[in-house]
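Here are a few friendly notes to read with the model open beside you. Take them one point at a time and find each place as you go.

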Amino acid sequence: MVKSSKASYVCQSCGAVTMRWAGKCESCNEWNTIIEEAGDAAIPKGLSVVKGTRGQGRLEIQDLQTKSKPLPRQKTGMGELDRVTGGGLVPGAAILIGGDPGIGKSTLLLQAVCKMARQGKACLYVSGEEAVDQIRMRAERLGLSDTNISLAASSSIRDILSAIDNGVDMVVIDSIQTMFVDNIDSAPGTVTQVRTSALELIRATKKKNIILFLVGHVTKDGQIAGPRVLEHMVDTVLYFEGDRGHQFRILRAVKNRFGPTDEIGVFEMVEKGLDEVANPSALFLSQNQENIPGNSVFAGMEGTRPILVEVQGLAASTAYGTPRRSVVGWDSNRLAMILAVLEARCGLNFSGYDVFLNMAGGIRVSEPAADLAVAASLMSALTNKTLPANTILFGEIGLSGEVRAAPQTDLRLKEAEKLGFKTAIIPAGSKIKSDGNLKLEKIKHVQDLIALMGG
Ligand code: TYD
Ligand code: MG
């Protein structure tokens, strides 16, 4: 890259630097993401400018055999947050948390900070978006105003770094897009500023084993705004998601250097902030357990935790030429596949019907094991027959209509039994270790579902 001392053009999506403005970024193919940034963005000047640190020119080599101490984890005391981060926060970890505006990121972190402070940790909460009074008001609403934490409304990295020097255990930066390093000319929120600010913060906190939380804005399509590099720089990336219409919020790890990424944390937004939902299974079931055509209950897994989800299907005769297929909380391609399998292998005809599928409660299901419950819902919706009362289902469906086993059968069955279900329709090939009291209907093909449906 030719070094230019003048302006350069930086893609706000991928961080690529070009010498000339263009409507479309050549490297990530996004449109209208290239903007002019002053100074040399290819080699950010701020990297070692805020704190002038230069190496000694010697690389410290270590071996692999030496035992290192297991990472000491700090429990925040918020069980759901601890679960998602892999059993607590690791000192020195940098955690990026993204989510739609108003979903509750600031609330979650303020609660976490206060919990940590109550364990005697020194915590600093820096907001670049809200005034200190606003944060105080929020704390009051959350019933946390008697907690001893340090608040600041600032967006200057230089000031924050000097505050960190005074000894803290945990820092929250809300949000990284509002922060700026004063010796870079670009505006806050640009790639160069976001990247450099994050780098400076991560470097400073890692050196002192401080836990760093960065709040990140998301773009229209739900990605954390700014360069992808931000996600590479941090140890953990969490997404806080949920439907604004529902009070449930789900915290999901998409990257975690200190633990698994398949755990979710479930919260409920109430008047006094976020409540943890320790047993989310019953949450996504409707109160009304009566049998309605189109309804089925899927026994799913989220990480190590079973979650029962109500699947609702509806087939309504279509008014237009092309029938609609609409899905909430599931993959629309997968819905198309299940519909095709039902048509081709079971002789059901959906062509004259608009099909709607909804995972109740606002949860997003990504497991293929939900196939069987979806198929049952759609069949039931079309034929107006219902499944046996108090029944759960799970199993993956292949293109020939065969039903394949899903992992962790025992956990799913146990959870269903705990919640009062009587029957389970499961793949014939399921490996079951312990016998429960559930009546098991083992099926090999989706067609077998038809026989199980009553009037
Ligand atoms: P906030 O944490 O400000 O969201 P973010 O930082 O992700 O933008 O959450 C704001 C929303 O949460 C707001 O719409 C109101 C709601 N809320 C409650 O319902 N109860 C509460 O106790 C608080 C503090 C917020
Ligand atoms: Mg906020």
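1. Helix 2 gives the largest share of the shell around ligand 1, three residues. Helices (H or I, at least four residues) and strands (E, at least two) are DSSP runs, numbered from the N terminus.

2. A word on the ground rules. This is a predicted model, in which local features need pLDDT of at least 70 and side-chain atom pairs count only at pLDDT 80 or more, while totals for chains, interfaces and linings use all residues. Residues are numbered from 1 along each chain as its sequence is written, chains are lettered from A and ligands numbered from 1 in the order in which they are written, and side-chain values use heavy atoms, with hydrogens and water left out.

3. Which residues come nearest to ligand 1? Of the 16 around it, they are G102, K105, S106, T107 and E271; a residue is near if one of its heavy atoms lies within 4 Å of the molecule. The shell divides into five nonpolar, five polar and six charged residues. Here Ala, Val, Leu, Ile, Met, Phe, Trp, Tyr, Cys and Pro count as nonpolar, Asp, Glu, Lys and Arg as charged, and the others, Gly among them, as polar.

4. Now look at the oxygen atoms of the ligand. A polar side-chain atom of S106 lies 2.6 Å from an oxygen atom of ligand 1. Polar backbone atoms take part too: one of K105 is 2.7 Å from a ligand oxygen, and one of E271 is 2.7 Å from a ligand oxygen. The protein covers 74% of the 560 Å² of accessible area that ligand 1 has on its own (Shrake-Rupley method, 1.4 Å probe).

5. Next, follow helix 2 (residues 105–118) to helix 3 (residues 132–141): their axes come within 11 Å and cross at roughly 75°. That makes the two helices roughly perpendicular (65 to 115 degrees). S106, T107 and L110 of helix 2 make the contact with I135, R138 and A139 of helix 3, where contact means heavy atoms within 4.5 Å.

6. How do helix 4 (residues 157–164) and helix 5 compare? Their axes also come within 11 Å, but cross at roughly 5°, so helix 4 is roughly parallel to helix 5 (under 35 degrees). By class, their contact has six nonpolar, two polar and one charged residues.

7. Finally, two spots in the backbone. Most residues other than glycine have a negative phi, and most peptide bonds are trans. N29, not a glycine, has a positive phi of about 65° and sits in the loop between strand 2 (17–18) and strand 3 (34–37). A cis peptide bond, with omega about 0°, joins D174 and S175.

Terms used: Axes are lines fitted to C-alpha atoms, for helices over the stretch in contact, and angles run from 0 to 180 degrees between N-to-C directions. Angles under 35 degrees count as roughly parallel, over 145 as roughly antiparallel, 65 to 115 as roughly perpendicular and the rest as oblique. A polar contact is a pair of N or O atoms within 3.5 Å; within protein, one must be able to donate a hydrogen and the other to accept it, and residues adjacent in sequence count only if both atoms are side-chain atoms.
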